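User: I would like a close look at the salt bridges in this model and at what surrounds them. Please give one connected account.

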Amino acid sequence: MRKYWLPCSSIYAIFASFLLPPFIVCLSNEDIQLNSQLISINQHVPKVNSHKIFEIEIHGILLWASLGFLMPAGILTIRLSNTEECSRTKLKILFYVHGTLQVVSVLLATAGAVLSIKSFENTFNNNHQRIGLALYVAIYVQLLMGFRRPKRGSKGRSVWYFFHWLLGTTICLAGIINTYTGLNAYHERTSKPISLWTIIFTAQISFMGFFYLFQDKWEYIQKQGAILENNETMTPQVEIVVPQSGEQKMIMRTESGRKSNALGTFFSRSNVLNKLLQQT
């Protein structure tokens with residue numbers, strides 16, 4: 001009986017003919033499934049053309065100028081009227097500048113809202129659209145409150161001022177936050193870089209925030225310099241004259257020009273009263 005020996009290459013070829021076809025079929029099925037998933041994902045992602053990108057950029061510029069710049073600038077303007085040297089004429093000028101900035105801000109926000117309603121998919125499935133809708137309502141409420149303000153000195157003026165200040169501050173903070181969410185949404189839709197715009201907007205808001213805090217301390221800083229130069233002229237004294245027997249008078253001097261808290265004022269007045277009671 002003869003024995004037939006097959007070479008090793010023939011054995012490998014026979015082994016591969018039995019094992020490789022199922023493996024190749026599995027790979028081809030996985031490739032087909034992966035390609036079908038990619039096709040379905042591409043079909044659901046909306047294609048953004050150059051015209052749509054231009055509309056998104058115009059919408060962002062309008063809302064940046066409105067809620068990100070003009071409205072905070074209006075708040076900084078009206079805060080300038082809180083200084084002591086603000087005259088009546090200067091107060092009127094600051095008031096009209098404040099009102100003009102706020103009205104222009106509302107007009108720009110309205111243009112941005114009309115553009116978004118006309119050109120974008122308003123599904124409100126993200127935070128940017130939800131915050132934007134709330135801001136549109138809030139700015140019109142604030143505008144109506146500005147035109148329906150009570151006269152100064154009237155009964156409801158304090159309540160109106162509190163809610164006007166609270167709503168205006170909330171709108172500014174929400175507008176700044178929504179500007180950042182809008183930049184992120186722009187990057188997700190267009191894949192364009194936003195690092196430069198984020199840095200510019202952050203620098204602008206930081207400068208406005210510093211100026212906002214600096215307004216409260218500027219007058220106090222000026223008084224500190226004046227006190228160091230001439231302490232006597234900046235701290236006037238009040239004379240309390242106490243009549244004595246034999247037509248003699250006792251004079252007590254107290255400082256009233258410096259800033260003090262309620263406890264300091266209470267204790268200083270108590271010392272004066274104690275001295276008066278001891279003398280009488």
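Analyst: The account below starts with the chain as a whole, then takes the salt bridges in turn, and ends with the neighbouring helices.

The model is predicted. The chain holds eight helices and two strands, and its elements follow the order α-α-α-α-α-α-α-β-β-α from the N terminus. Of the 280 residues, 24% count as buried. The chain exposes about 21200 Å², and carbon and sulfur atoms supply 66% of that area. Among contacts between residues at least 6 apart in sequence, 61% join residues at least 24 apart.

Salt bridges

Side chains of opposite charge can pair when their charged atoms come close. A search of the whole structure gives three salt bridges.

One of them joins Lys 52 and Glu 55, with an N to O distance of 3.9 Å. The cut-off for a salt bridge is 4 Å between a side-chain nitrogen of Lys or Arg and a carboxyl oxygen of Asp or Glu, so a pair at 3.9 Å is counted. Both residues belong to helix α2, which covers residues 50-79. They are three residues apart, about one turn of the helix. Lys 52 has a relative accessibility of 19% and counts as buried, because the limit for buried is under 20%. Glu 55 is also buried, and its relative accessible area is 14%.

Another salt bridge brings together the side chains of Glu 57 and Lys 192, at 3.6 Å from N to O. This pair links distant parts of the chain: Glu 57 sits in helix α2, Lys 192 sits in the loop between α5 and α6, and 135 residues separate them. Glu 57 is partly exposed at 29% relative accessible area. Lys 192 is partly exposed as well, with a value of 33%.

The remaining salt bridge is formed by Arg 189 and Glu 121, whose closest N and O atoms are 3.8 Å apart. Arg 189 is in helix α5 and Glu 121 is in the loop between α3 and α4 (127-147), so this pair ties together parts that are 68 residues apart in sequence. Arg 189 is partly exposed, with a relative accessible area of 33%. Glu 121 is partly exposed too, at 44% relative accessibility.

His 59 is buried, and its relative accessible area is 13%. Leaving aside neighbours within four places in sequence, His 59 is in contact with Gly 112, Leu 115, Ser 116, Phe 120, His 128 and Tyr 136.

His 98 is placed in helix α3, which spans residues 88-119. With 14% relative accessibility, His 98 counts as buried. The side chain of His 98 reaches the backbone oxygen of Gly 74 at 2.8 Å. Setting aside neighbours within four places in sequence, the contacts of His 98 are Gly 74, Ile 75, Thr 77, Ile 78 and His 164.

The nonpolar patch on α5 and α6

Helices α5 (157-190) and α6 (195-229) each supply at least two residues of the patch. The most comes from α5, with six residues. Phe 162 is partly exposed, with a relative accessible area of 42%.

Annotated spans

An unreviewed UniProt entry lists residues 5-25, 61-81, 93-117, 129-147, 159-182 and 194-214 under "transmembrane region". Two of these spans can be compared with the model. Residues 129-147 are 100% helix and 0% strand, and the end C-alpha atoms of that span lie 28 Å apart. Residues 194-214 are 95% helix and 0% strand, with end C-alpha atoms 30 Å apart.

In short, the Lys 52 and Glu 55 pair lies within helix α2, whereas the Glu 57 and Lys 192 pair links distant parts of the chain.

Definitions and conventions. Residues numbered from 1 in each chain as written. Predicted model: local features only at pLDDT ≥ 70, side-chain atom pairs only at ≥ 80, totals over all residues. Heavy atoms only, no water. Helix = DSSP H or I, 4+ residues; strand = E, 2+ residues; numbered from the N terminus. Buried < 20%, exposed > 50% of the residue type's maximum accessible area, 1.4 Å probe, protein only. Polar contact = N/O pair within 3.5 Å; in protein donor to acceptor, adjacent residues only side chain to side chain. Contact = heavy atoms within 4.5 Å. UniProt positions renumbered as here; feature names shortened; annotations may be inferred. Areas by Shrake-Rupley, 256 points an atom, 1.4 Å probe, with all protein chains shown as cover.
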